[in-house]
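Open the structure in your viewer and keep the selection tool ready. The tour goes from one selection to the next and says what is there.

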Amino acid sequence: MISEELYPGEEDLVYEEEILRNAFTLKLWWRYLVARRDAPFEKKAILYERAVKALPGSYKLWYAYLREKMDLVRGLPITHWRYENLNNTFERALVTMHRMPRIWIMYLQVLTEQKLLTRTRRTFDRALCSLPVTQHDRIWEPYLQFVSQKGVPVETSLRVYRRYLMFDPTHIEDFIEFLVNSELWQEAAERLAGVLNDSNFYSIKGKTKHQLWLELCDLLTKHANEVSGLKVDAIIRGGIRKFTDEVGRLWTSLADYYIRRGLFEKARDIYEEGMTTVITVRDFSIIFDAYAQFEESMLAAKMETLDVSDDDGEEENEQRLQNGVMLKETKEDQKDVQKISVDKLAKNFLSGFWLNDENDIDLRLARLEHLMNRRPELVSSVLLRQNPHNVHEWHKRVRLFKDNPARQILTYTEAVKTVDPFKAAGKPHTLWVSFARLYENHKDVANARVIFEKAVQVNYKTVDDLASVWCEWAEMELRQKNFKGALELMRRATAEPSVEIKRRVAADQNEPVQMKLHKSLKIWTFYVDLEESLGTLESARGVYERILDLKIATPQIVINYAHLLEENKYFEDAFKVYERGVKVFKYPHVKDIWVTYLSKFVNRYKGSKLERARDLFEQAVEKAPAEDVKLLYLQYAKLEEDYGLARHAMKVYDRATKAVPDHEKMEIYDLYIARAAENFGVPKTREIYEQAIESGLPDKYVKIMSMNYADLERKLGEIDRARAIYVYASQLADPRSDPEFWNKWHEFEVQHGNEDTFREMLRIKRSVSASYSQTHFILPEYLMQKDQGKLTLEETVDTLKRAGVPEDEMAALERQLAPAATSSTAQKDGMRALGFVSAGVESQAGVVRTADEGRKVTANPEDIELQEESDAEDDSEERVEVAQKDVPAAVYGDLANKANKNDKDGDDVAKRREREEPMGALERIKRLRKQ
C-alpha cells in the first residue's frame with residue numbers, strides 16, 4: 001500500500017491534469033519532475049516510475065532516474081538492499097536503453113563497486129554484445145581496469161586481455177606489462193619476441209626497438225628457468241649485431257642467462273667471446289667487470305661449500321663416536337653401507353682425476369689471477385680493433401710482452417701485416433725498424449737483414465719513411481762493423497731506376513715511393529756522411545756533385561762541400577762551390593753561403609786579391625735585402641780598413657747607413673762615427689752627425705744622436721753650437737716622458753750657460769710641454785705611433801678637425817699672420833729635419849716652419865715684448881741658482897775697457913730716449929717696479 005503522504009497534493013493538481021490530458025509528452029513529465037525536485041525521494045521515485053512507464057524509450061528520464069538512485073546509495077555499504085534495487089532498475093532500463101553506452105557504463109561502475117565479479121564480467125560481455133563495434137572502446141577501458149584489480153582470477157584476466165587484443169592489437173604493451181606483473185614469464189617473453197619480429201609495430205608508449213630488446217634480454221636472462229621454447233642465444237646475438245651501443249650489456253645478459261641455468265663453462269666462453277669482439281673500452285669494461293665478479297663469486301661459493309662440508313663431517317663423526325656405532329655395527333648399519341649412491345660411486349671412481357677434484361680452489365684462483373693479468377693485453381686488443389692502423393698502439397702492445405720475445409715477434413708480424421701505410425696513424429716504418437732491431441738485440445743479424453729487405457719493398461706513403469728504413473739498415477751494418485756493406489746499401493738506395501722500370505711504372509699510373517728515393521735529401525745526406533767518414537775524397541766529391549746535379553742540395557750541403565775541399569787544400573775548388581751555391585739559391589737562404597764565402601775568401605787571400613774581394617762584396621750587397629745587408633757591409637768595411645783605404649771604408653759605412661733598416665741605422669752610425677773619429681779626427685764626425693740627424697731616423701734615435709752631437713761640440717768648446725743642437729732636439733722630447741734629455745740640457749746650462757740661456761731653456765721646455773699637451777695627446781692613436789714622420793702645421797690642424805677637435809681662434813690668427821716661405825730661404829735637402837741648425841747659432845725668436853719643414857728666421861711686427869714680466873714669472877715658478885764667476889780683466893786686455901765704455905754710452909743714450917719719448921702705461925709700471 002502506498003502511504004497517503006505520497007499521493008499528489010493540491011499543488012500537484014495542475015500537473016496531474018496536464019498529464020491526464022496528454023500522458024505521452026516528455027515536456028510535461030519533465031516540468032512536473034523539475035517542480036518537485038525538492039520533494040522526498042520516495043515521492044520522486046513514484047513520479048519517475050509513472051514517467052518511465054508512460055515513456056519507456058526516453059533516455060532523459062531513465063538517465064535522471066538512475067542518477068538519483070546512484071546518489072542515494074552513495075556512502076551505503078555494498079550489502080545494502082538499495083544496491084539490489086538499483087541493479088534491478090538498471091536491468092529494467094536496459095530493456096529499452098541497451099543501445100545507450102552511457103547507461104551501460106553507469107551500470108558497470110555500480111557493479112564494479114559491489115565486487116560482484118561474475119555478474120560484472122557477464123554484464124561487460126552483454127554490453128559488448130549489445131553495443132556496436134564503434135562504441136566498444138568505451139566499454140573496454142573500464143573492463144580492463146576491472147580485470148586488473150586484485151582478486152580477479154589470472155585466467156579470467158588473460159582471456160579478457162586476449163579478447164581485447166583481437167579488438168585492438170596496438171595495446172599489446174599493456175598486455176605484456178600485465179603478464180610481467182602477473183609473473184607469467186613464458187607468455188610475456190613470447191609476446192615481446194613477437195612484437196620485435198613485427199616490422200610494422202609502433203609503440204604507443206614511445207618505446208624504441210632498442211628498449212624492447214633490452215627488456216626482452218632482461219626477461220630471458222633473469223628468468224632463464226621459467227622461459228622455454230625460445231632460442232635465447234640467437235635472440236640476444238641478434239640484438240648484439242643490431243644495437244651496437246649496448247653491446248657490453250647484451251653480452252653480460254647472455255652470460256647471465258647461462259649462469260642462471262648452471263652452465264658456468266658456457267658463461268665463461270661467452271665472456272671471453274664478448275671481450276674479444278667489442279670495439280669500445282666502455283663495453284669492454286662492462287664485460288670484464290662482470291667476468292671478474294663472476295669468478296670471484298664462484299671462488300667464494302666454493303670456499304663456503306668446503307667449509308660447510310667439513311663442519312658436517314666432523315659433527316657426524318662425533319655423533320657416531322658417542323653412540324658407539326664405530327665400535328659395533330648393527331645389521332641395519334651394514335645395510336646402509338651397502339646402499340651407496342650413484343654420486344658417491346662416481347666420486348670414488350673419478351677420484352684420481354684433477355678435473356673432478358672438489359677442492360679446486362687453486363684452479364679458480366689461477367683463473368682469476370690470469371684474467372687480471374690479461375687486462376692490459378685485452379684493452380690493447382680493443383683499441384686495435386677500433387683502429388688497426390694505429391702504429392703507436394702496436395708499439396705499446398709489443399712493450400706488454402717485453403719478457404716474452406716470441407710474443408713480441410708474433411705481435412710485430414701481425415702489425416706489419418695489418419697496418420696499411422696509407423691509412424696509418426703514425427710512422428709505419430718504425431714497426432719494421434723495431435722488428436729488425438728486436439732480432440739485432442738478440443744477436444740474430446741475418447733475420448734482421450731479412451726484415452729490412454722486406455721493409456724497403458713496402459710502398460710507404462712518403463719517401464721520407466722509406467729513406468728512414470734505408471738509413472736504419474745502414475746504421476745497423478755500421479754497428480756490426482760492416483762498413484763496406486753500409487756503403488753498398490747507400491749506393492743501392494741512391495741508384496736511379498732504369499728507363500725500363502720508369503716506363504713500366506708510368507704505364508701502371510701508380511708510382512711507388514721507391515721511384516722517388518734517389519731524390520731523397522735525407523738518404524743523400526746520410527750517404528755523404530758515410531763517404532766522408534769511410535770513403536775517399538774522390539768518392540765524397542762524387543756524391544756531392546751528384547747532389548748538386550739532382551738539384552736537391554741545401555745551403556748547408558754547399559757549405560759542407562766547400563769545407564771538405566778546404567780541409568784538403570782545394571781552395572779554388574771550394575770557392576767555385578760557393579759560386580755555384582750563390583747562383584742557385586736566393587735570399588734569405590743564400591745569406592749563410594755569402595757570409596761564409598766572403599769570410600773564407602778574405603782569410604785566404606787577405607789583401608792580395610783586393611779587387612776580386614771587392615767585386616764579391618759588391619755582388620753580395622747588391623742582391624741582399626735590407627734585413628740581411630748589415631753583416632755584409634760590416635765585413636766589407638772591415639776588409640777596406642784592414643787591407644784597403646780608409647776613405648773607401650768610410651764610403652762603405654755611408655752606403656750601409658742608407659741600406660740598412662731604420663732600427664739598425666743607429667748602430668751603423670755609431671760605428672761609422674767611431675771609425676771616422678779614429679781615422680780622420682773628431683771634427684770629421686760633424687758631417688756624419690748632421691747626416692744622421694737629417695737622414696730620417698726615428699725620433700728616439702734622433703734625440704740620442706743630437707745629445708751625442710751636442711756633447712761632442714761641448715768637448716770641442718763650441719758651446720753655442722751645442723746649445724743650438726739642444727734647442728733643435730727639444731722639439732722631439734716631451735718633458736713628461738723624456739726627462740733624461742732635459743736633465744742633460746739642464747746640466748749643460750748650469751755648467752756653460754748664464755741666466756738668459758737658462759731662462760730660454762725653461763721657456764722652450766714649457767713651450768714644448770704645452771705643445772705636447774695640446775696636440776700630441778689628443779691626436780688619434782694612429783698618429784701617435786712611432787716612426788710616423790713629422791706633420792706640417794696645416795696637416796696637423798686638418799687632422800685635428802677630422803678628429804673633432806675645435807680649432808683654436810688664436811692658433812688660426814697666428815697661422816694667418818705667419819709669412820709664407822720664400823724660395824731663397826728654402827732648404828736644399830728635402831729630408832732635412834725641422835728646425836735643425838747645421839752650423840752657427842741662430843736666434844730662436846721669430847722662427848717659423850717652411851713648407852718643406854725647414855726653418856726661416858723672420859721678425860714678427862705684432863710681437864709684444866714682455867721679457868721682464870716673463871722673467872719675473874720664471875723666477876717665481878722656478879728659481880735656479882746659477883753659479884757665476886767674474887772673468888779676470890787680464891784675459892780680455894784692451895777689449896774690456898772698450899766694452900765698459902760702450903756700455904756707459906749705451907746707458908746714457910737709453911736714459912736720453914726715455915726722457916724724450918712718451919712712455920706707455922706698461923713701461924711706466926715697469927719703471928716704478930725697478931725704482
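**Aromatic pairs**

Start with tryptophan 473, which is buried at a relative accessible area of 4%. Keep in mind that this is a predicted model. Phenylalanine 452 belongs to helix 24 (residues 445-455) and tryptophan 473 to helix 25, so look for a link between distant parts of the chain, 21 residues apart.

Next select tyrosine 578 and tyrosine 597. Their planes meet at 20 degrees and their ring centres are 5.2 Å apart, so this pair is stacked. Tyrosine 578 sits in helix 31 (residues 571-584) and tyrosine 597 in helix 32, 19 residues apart.

Across the whole structure, a search finds 34 aromatic pairs. For an aromatic cluster, select Phe124, Trp140, Tyr143, Phe146, Tyr164 and Phe167.

**The nonpolar cores**

Now turn to the largest nonpolar core, which has 134 residues. Trp470, Ile523, Trp594, Leu632 and Trp745 are the ones with the most contacts inside this core. Helix 25 (residues 463-479) gives the core its largest share, nine residues. Show tryptophan 470 with its surroundings: among the residues it touches beyond four places in sequence are Val456, Leu489, Met490 and Ile523. Another core lies apart from this one; it has 100 residues, including Val110, Leu196, Ala255 and Met275. In soluble globular proteins, nonpolar side chains tend to be buried together.

**Around valine 602**

Select valine 602 in helix 32 (residues 591-605). Valine 602 has a relative accessible area of 16%, and counts as buried because the cut-off is under 20%. Which residues does valine 602 touch, not counting those up to four places away in sequence? They are Phe617, Leu639 and Tyr643. Draw a distance from the C-alpha atom of valine 602 to that of alanine 613: the separation is 7.1 Å, and the two residues are 11 apart along the chain.

**Charges over rings, and cysteines**

Select arginine 375, which lies over the face of phenylalanine 288 at 4.7 Å from the ring centre. Arginine 541 lies over the face of tyrosine 570, at 5.5 Å from the ring centre.

Finish with two cysteines. Cysteine 129 is exposed at 71% relative accessibility, whereas cysteine 471 is buried at 7%. How many disulfides does a search of the whole structure find? The search finds zero.

How values were computed
Residues numbered from 1 in each chain as written. Predicted model: local features only at pLDDT ≥ 70, side-chain atom pairs only at ≥ 80, totals over all residues. Heavy atoms only, no water. Disulfide = S-S within 2.5 Å. Buried < 20%, exposed > 50% of the residue type's maximum accessible area, 1.4 Å probe, protein only. Helix = DSSP H or I, 4+ residues; strand = E, 2+ residues; numbered from the N terminus. Contact = heavy atoms within 4.5 Å. Core = buried A, V, L, I, M, F, W, Y, C linked by side-chain atoms within 4.5 Å. Phe/Tyr/Trp six-rings, centres within 6.5 Å; stacked < 30°, edge-to-face > 60°. Lys NZ or Arg CZ within 6 Å of the ring centre and 35° of its normal.
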